[in-house]
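Here is a short report on one protein model. Look at the structure first, then read on.

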Amino acid sequence: MTETHDNNTGRILVRHCDVAVIGGSAAGLAAALQLTRQRRSVIVIDDDTPQNAPAEHMHGYLGREGTPPAEMRAVGREEVRSFGGEILAGRVVEVRRKDDGFHLDLTGGHGLVARRVVAATGVADDLPDIPGLAERWGRQVVHCPFCHGFEVRDERVVHIVSTPIGLHPASLMRHLTERLTIVLHDATGIDQAAADALAASGVPVLTARVGRVTDGSDAPLSVELEDGRSLPADAVLTGTAFHPRTEVFRGLDVAMAPHPSGLGEVVAADPTGRTSVDGFFAAGSLTGAGHQVIAAAAHGAFVGAQVAFSLAAEDIAAHARPSGWQQEWDARYAGAERMWSANPNGTLTAEAAGLPAGRALDVGAGEGADALWLAERGWQVTATDIAGNALARIHTEAERRGLDVRTLRCDANDVTPYGDETYDLVSLQYGSFHRTPDRRGLRNLLAAVAVGGTLLVVGHDLTSVREHHDPAQQTLMYDPDAYVGVDDILAALEQSKAWRVDVHETRPRPAGAISTHHVTDVILRAVRIAGEAP
């Protein structure tokens, strides 16, 4: 990261990742899931404005039939986070291409630099200009027999046709209900033979302009025609035109193409999701790859796989096997100025002051203030971090002070990040490592504590971070739910008889920290009283 600030503070934060996904609905989340499972660093930016937001339930999704769209997105986010992918609540303002990758400008002035971008912004529906449709859209007014037809079976359905292909779903709806009425609101370009065939089969077909849709007196709805007639209805079926949500990346000059339906245009993409801009992929309905949720998810998963192949080919050509998260943190510590204060964390000094000096492991040591403080008090310290640049700062400062601090570059999620050694004190001060379904990082952390040793974990109180905010004004640049937190560690300790929890509480942050936006901390101190059962 390159930082002059983060969430809710006014300072600017620029992060780096392998892949930025714009849009966190079915296509975007499916792409992100594929990529996180390939150990790529993935950040999804989502402003929670999906196309299907008005719908109460989604249908035709195998295994998720009848699920509310918001619930599906919530489950999808948790699945992406479970592999370390981050979902940032915010909005992309602009995407630019530079020599070092794609630069995404985010609300609040923040930024993101990515090797690849997956655009999954979807399309926006353009309803017929008929009063009463918009406010009932997705509930009493529907557009797709596959999405909503079964729910209105045998009911009074008025099908308003306003586009040349507007009759397309009528044959399906006729089979779902015998109380179907078709109104040709705009008959321009329609298939007259199809209209005649429907009429001949017994479906009333009216040629009339619709004045409005309103609440009915003897039915839930009344479709009022301009000629004065009123049609009682339980539901209205109508098609829409649409436009792609491309505002944020128009500056890239991505090629567009007309949709085969003639109802709008989409991003021109090949079957792998590649667009006219190298490294910029598109997925889901943005490409015309299906407007149903299940089709969008399937396409997103396929495109995500193609992005993974794209990155793998580039890495092979460069004879490299980079970690996106390592590269991000190295970028964060690449500047000449210190990221944090040179002060040790106040909670560490308070909690560790009474402990006899022994072997200490500082996990996520950063610039090393805690490790140096412990070394000055006689501890044999191993400082670990994912960022080599951070460890170089520790080494330089330890040499300057004449201290012996061993540095170890590793990720808690490595196979054996700390070797077979155990420590009398394992300290995780505002440290962070990504979730994995097998909890590898958490298991490694706990295994590093010797019997009789102390585990000291300090994390941010995230109450303020979880408060509602406006994505149009500010992007939250950190997703705490993608990382192992204090509550996760506590839960693991409480499930084991090998640990005694001495402290678990929230306290005001001690003085001396450079950060002022988090004012309270959550502290967990536990002692390992036995080895784990084999």
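Helices (H or I, at least four residues) and strands (E, at least two) are DSSP runs, numbered from the N terminus. T396 has its place in helix α10. T396 is exposed, with a relative accessible area of 53%; exposed means over 50%, buried under 20%, and partly exposed in between (1.4 Å probe, protein chains only). R73 lies 323 residues from T396 along the chain, and their C-alpha atoms are separated by 46 Å.

This is a predicted model: local features need pLDDT of at least 70, side-chain atom pairs count only at pLDDT 80 or more, and totals for chains, interfaces and linings use all residues. Residues are numbered from 1 along each chain as its sequence is written, and side-chain values use heavy atoms, with hydrogens and water left out.

**Confidence**

pLDDT is the predictor's confidence in each residue, from 0 to 100. The protein chain averages 92, and 96% of the residues score at least 70. Over residues 1-9, pLDDT stays under 50. The model has 41 contacts beyond four places in sequence for residues 1-9; contact means heavy atoms within 4.5 Å. Where pLDDT is low, the predicted coordinates should not be read in detail.

**Helix α9**

Seven of the eight residues of α9 (residues 369-376) are buried, so this helix is largely enclosed by the rest of the structure. The buried ones are A369, D370, A371, L372, W373, L374 and A375. They pack against several elements, including α8 (346-352), α10 (388-401) and β24 (423-429). After α9 comes G378, with a positive phi near 95°.

**Core and rings**

A nonpolar core is a set of buried Ala, Val, Leu, Ile, Met, Phe, Trp, Tyr and Cys residues joined through side-chain atoms within 4.5 Å. The largest one has 33 residues, of which L104, F249 and F280 touch the most other members. Among the elements giving two or more residues to this core are β2 (13-22), β6 (101-106) and α7 (324-332).

F249 touches V95, A119, T121, V254, V267, F280 and L286, leaving out residues up to four places away in sequence. F249 also forms one aromatic cluster with F102 and F280. Rings of Phe, Tyr and Trp (its six-membered ring) pair if their centres lie within 6.5 Å. That rule gives four aromatic pairs.

Two arginines sit over rings. The rule asks for NZ of Lys or CZ of Arg within 6 Å of the ring centre and within 35 degrees of the ring normal.

| Charged end | Ring | Distance from ring centre |
|---|---|---|
| R97 | F102 | 4.5 Å |
| R153 | F150 | 4.0 Å |

Note on methods
Rings of Phe, Tyr and Trp (its six-membered ring) pair if their centres lie within 6.5 Å; planes under 30 degrees apart count as stacked, over 60 as edge-to-face and the rest as tilted.
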